[in-house]
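Trainee: Could we go through this model together, one question at a time?

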Amino acid sequence: MRRLFTGEHSTPPTEDAPTLVRARRIRTMAGARPEAEAMVLFGGRVAWIGESAAAHAEARRLCRSDQRPHHVDLGDAVVTPGFIDPHAHPLMHGQMMSWVDCSPERAGSIPEIVELLRTAAARLPADTPVRGYGYEQTNLAEGRHPTRDELDRVADDRPVYLMNASGHGGVVNSRTLTSCGVDESTPDPPGGEFFRDADGRLTGEVSDAACNVLTGRDGVKIGSHGPNFHLGDSPAEHLDQLDASQQEFLAHGVTTIGDAQVSRREFDTYLRAAAEGRLRTRVGLYALSHLLDAALDLGLHGAFGNARLWFAGVKLYADGTLGGSTAYFPEGYRDDPCRRGMLYHPPEEYAELVRRAHSAGLQTATHAQSPTAVGMVLNAVRAAHRTTPRKDARHRIEHCGLPSPAQVTEISELGIIPVNQPQHYHNWGDGLLTTVGETAARFNPLGEFAASGIRFALSSDAPVADPHALAAVGTAATRRTRSGAVHGSAELTVDVGRALEAHTVDAARALGREDDLGSLAPGTRADFVVLDDDPLSLAPDTLSALTVRQTWVDGRLAWEALR
């Protein structure tokens, strides 16, 4: 991959004395030295790593005559590289944190959701929209989406929007439809749907590209290039939301994030955060494909930026989501044969987007869940390579939920990187057996990827799931769902060590940053996590309870648990 980075944003000055860090064990995720007891940090990087006995001499060697090294003794703690989340939506996550949480932990039925929203509405000013998020229809007692009529019980004098946990749409009340100018005669947009009942009446459910109506007249519009969750608040509010989001990522040990859907809203917020010194994590930006023309007009032909904030590539969508039942199954869903999901683009149109990005030298990251959608990506990438051969293009398939066994082989042959979310399996695995059928038992086939030599990455897709890297690692090894069930064969799992690699060094590779992130070795960035215990010595189903004590970025403490 072609990478160009300008400067050393937010790197500590090299005149600082080196820092000597000792711990019970350091899991380096570096092949030459997988374990160590101590490391020396200097200038924001790892300068030396090895056995504790030699550490002081190495630290002294880097000191000026008037300096002494700083000492950090972490006692019985275990250190790993900072977790890397290559597919998340940090600003969206921060915005959702200010909405009403209607996730399965808070509401198990539609009346419970309505009551949560009604309570919130009573506390809000009369002209303020009511926004909730996180419901999963397959985990509700009713096993369906709420309706506009049910949300009308929350409020009929202001908009009410309940976002599905997948982020690919949700349900609105009647006031929202009216204010957006949507009625029974409104056609479905390409790549989206205004759902109707058997009588043709709008149910209030909106999905994917139909969500463009929710951003208002002057808001972000993305056409048929993805689900529009780019609801606008003031720049100051967005900065506060990003602050809150970064705090949660750091609390889970995540030091680097790939923002997998960047519009002008996100660009603006990240630039403001960087200018004000409020960018506490590293962020790689994937511009949504509606901005491809603009990127090409600017002459972007590879990753560009600095060590803290950079343009990484282009995000595309092939189909919808499995969690919201909008992923594309031409034969229909098992529980609703009339429901087939959707493709965002005709295959030839999608292939042309990939060809243009690929020929310019850009990495693509395509959301694809169903076998049909995964096949679209494989065909497009293969055709792009025929036209413009490129070594190590590292095109990505985001989620890559249900590739066929033959497609897994093709993914390996084409050098494509699947970026998976084990917590999607944890949350949706049970429900997919109902909506999709028995083939859903293979959902998230990480073991098949590993057996094929594919270097896949793990991520959270926050806010679709919490940015809880250790929970993702544990679920990758257990394949245990929310109900405690395990679907599919044992060959679909990976061990904890492989899952840890997928959330560190292989996740860094997915972002084109494996040379300086994802491992702890001389020359790498000093981004690391301090844990209560060694994840490789614990039972996988206990990892989600493992405590993150500290998170370090650029050799400096960025977050610490309250004692």
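**A loop asparagine, the cysteines and a sheet**

Mentor: The side chain of Asn-306 reaches the backbone nitrogen of Arg-308 at 2.9 Å, a polar contact, meaning a pair of N or O atoms within 3.5 Å in which, within protein, one must be able to donate a hydrogen and the other to accept it, while residues adjacent in sequence count only if both atoms are side-chain atoms. This is a predicted model, in which local features need pLDDT of at least 70 and side-chain atom pairs count only at pLDDT 80 or more, whereas totals for chains, interfaces and linings use all residues. Residues are numbered from 1 along each chain as its sequence is written, and side-chain values use heavy atoms, with hydrogens and water left out.

Trainee: Which residue has its backbone nitrogen 2.8 Å from a polar atom of the Asn-306 side chain?

Mentor: Asn-306 sits in the loop between strand S16 (303-305) and strand S17 (309-317), strands being DSSP runs of E, at least two residues long, numbered from the N terminus. The backbone nitrogen that lies 2.8 Å from its side chain belongs to Leu-309.

Trainee: How many disulfides does the structure hold?

Mentor: A disulfide is a pair of cysteine sulfur atoms within 2.5 Å. The sulfur of Cys-102 has its closest cysteine sulfur in Cys-211, 16 Å away, which is too far for a bond. The number of disulfides in the structure is zero.

Methods
Helices (H or I, at least four residues) and strands (E, at least two) are DSSP runs, numbered from the N terminus.
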